[in-house]
Amino acid sequence: MARLGENRYGKSRVRLSRITRHRDRHEFNEWTVRVLLKGDFDASFTEADNSRVLPTDTMKNTVYYIARGSKSETIEEFAMELGDYLLANLQQATKATIEIAERAWERLIVNGLAEATTFKLRGPELQTVAAAREKDGTWQITSGVDGLTILKTTKSAFTGYIKDELTTLKPATDRIFGTSATATWNYGAPSPDFAAVRKRVLAALEKEFATHDSRSVQHTLFDMGKAALDAAPEVAAITLTMPNLHHLLADLSPFGLDNPNHIFVPIDEPHGYIEATVER
């Protein structure tokens with residue numbers, strides 16, 4: 001005998017660009033939205049009965065409809081606005097989860113001044129949010145950044161580790177440290193200023209990475225998390241995932257050349273993978 005377990009459905013990868021026109025400047029956002037609903041949809045699975053199913057194409061249209069009239073300035077605010085609309089207008093939905101990724105467009109600087117209507121993509125990272133609410137509950141917001149790609153060429157070491165018969169890694173006291181980090185954080189304070197918190201968290205993560213005298217990725221990850229909590233009292237906990245993207249010293253001896261920590265071979269597979277949550 002089979003029975004249906006927990007389930008949800010929705011629309012993914014809804015692409016949206018938005019221009020907000022002010023008299024003296026434009027704001028530009030590029031978002032990718034995922035909508036997921038949980039509720040009384042069992043019959044669509046077990047009885048082929050679609051009478052309580054909102055088409056996912058309608059969910060896509062709802063994203064654009066809400067965006068047209070939205071005054072939300074952050075992805076967190078828009079996620080809640082979209083989810084509130086769906087929960088209010090779909091009786092059989094008991095929970096909405098809205099996930100949004102935003103590309104990192106920033107103003108182009110020309111002759112030392114920020115262009116009012118011209119933008120460039122800062123980097124590969126995505127600003128993210130996952131917002132979830134039960135119909136009669138409050139919003140649970142997890143903000144983040146995905147693909148924060150940073151590298152430093154010194155102040156990174158790795159020594160004192162376990163050595164056994166399978167260990168070939170040589171100790172390093174001055175190595176390249178590169179990562180494409182993911183960070184997510186949740187809030188201990190109600191109704192925080194999401195944009196301000198995001199700015200402070202990211203600035204703290206980047207500053208700590210740059211200045212930290214690293215003894216391992218774990219060592220740096222923890223101190224980055226502490227710095228983020230210090231910078232943003234509204235944040236209750238932050239989770240960091242930091243793959244160690246290796247740069248291996250090239251062997252130039254076959255060519256009669258030395259290599260004084262100068263030429264490297266970048267590899268991204270396999271890589272070390274370090275993850276931890278830093279909380280208050």
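This is a predicted model: local features need pLDDT of at least 70, side-chain atom pairs count only at pLDDT 80 or more; totals for chains, interfaces and linings use all residues.
In β6, A183 is the bridge partner of V145.

## The whole sheet

Now zoom out. What is the order of the strands in the open sheet? It goes β1-β2-β3-β4-β5-β6-β7-β10, eight strands with antiparallel pairing. The edge strands are β1 (9-21) and β10 (272-279), and each of them pairs on one side only. Going from one strand to the next, the twist averages 20°. As for what holds such things together, strands of a sheet pair through backbone hydrogen bonds, either parallel or antiparallel.

Let's follow β4 (residues 113-134) and its partners. On one side is β3 (residues 93-110), joined to β4 by 14 bridges, with the two strands antiparallel. β4 and β5 make a hairpin, with five residues between them.

## Helices on the sheet

Which strands does α3 lie across? They are β2 (26-39), β3, β4, β5 (140-152) and β6 (177-187), and the helix runs at about 150° to β3. Helix α5 (residues 217-231) packs on the sheet as well, touching β6, β7 (235-244) and β10. The direction of α5 makes about 150° with that of β7.

## Where α2 meets α3

Two packed helices are described by the angle between their axes and the distance between the axes. For helix α2 (residues 56-69) and helix α3 (residues 75-89), the angle is about 120° and the axes are 10 Å apart. The two helices are therefore oblique to each other, and their crossing is right-handed.

So who touches whom? From α2 come T62, V63, Y65, I66 and A67, which meet F78, E81, L82, Y85 and L86 of α3. Sorted by class, this contact has eight nonpolar residues, one polar and one charged.

## A loop residue to look at

One more stop: H262 sits in the loop between β8 (247-249) and β9 (264-266). Is H262 buried or exposed? With a relative accessibility of 58%, H262 counts as exposed, because the cut-off for that is over 50%. Then look for Y273, eleven residues away from H262 along the chain: the C-alpha atoms of the two are separated by 25 Å.

Note on methods. Residues are numbered from 1 along each chain as its sequence is written. Side-chain values use heavy atoms; hydrogens and water are left out. Axes are lines fitted to C-alpha atoms, for helices over the stretch in contact, and angles run from 0 to 180 degrees between N-to-C directions. Helices (H or I, at least four residues) and strands (E, at least two) are DSSP runs, numbered from the N terminus. Angles under 35 degrees count as roughly parallel, over 145 as roughly antiparallel, 65 to 115 as roughly perpendicular and the rest as oblique. A crossing is left-handed if the near helix is turned anticlockwise from the far one by less than a right angle, and right-handed if clockwise. Contact means heavy atoms within 4.5 Å. Ala, Val, Leu, Ile, Met, Phe, Trp, Tyr, Cys and Pro count as nonpolar, Asp, Glu, Lys and Arg as charged, and the others, Gly among them, as polar. Two strands pair if DSSP finds at least two bridges between them. Buried means under 20% relative accessible area, exposed over 50%, partly exposed in between (1.4 Å probe, protein chains only).
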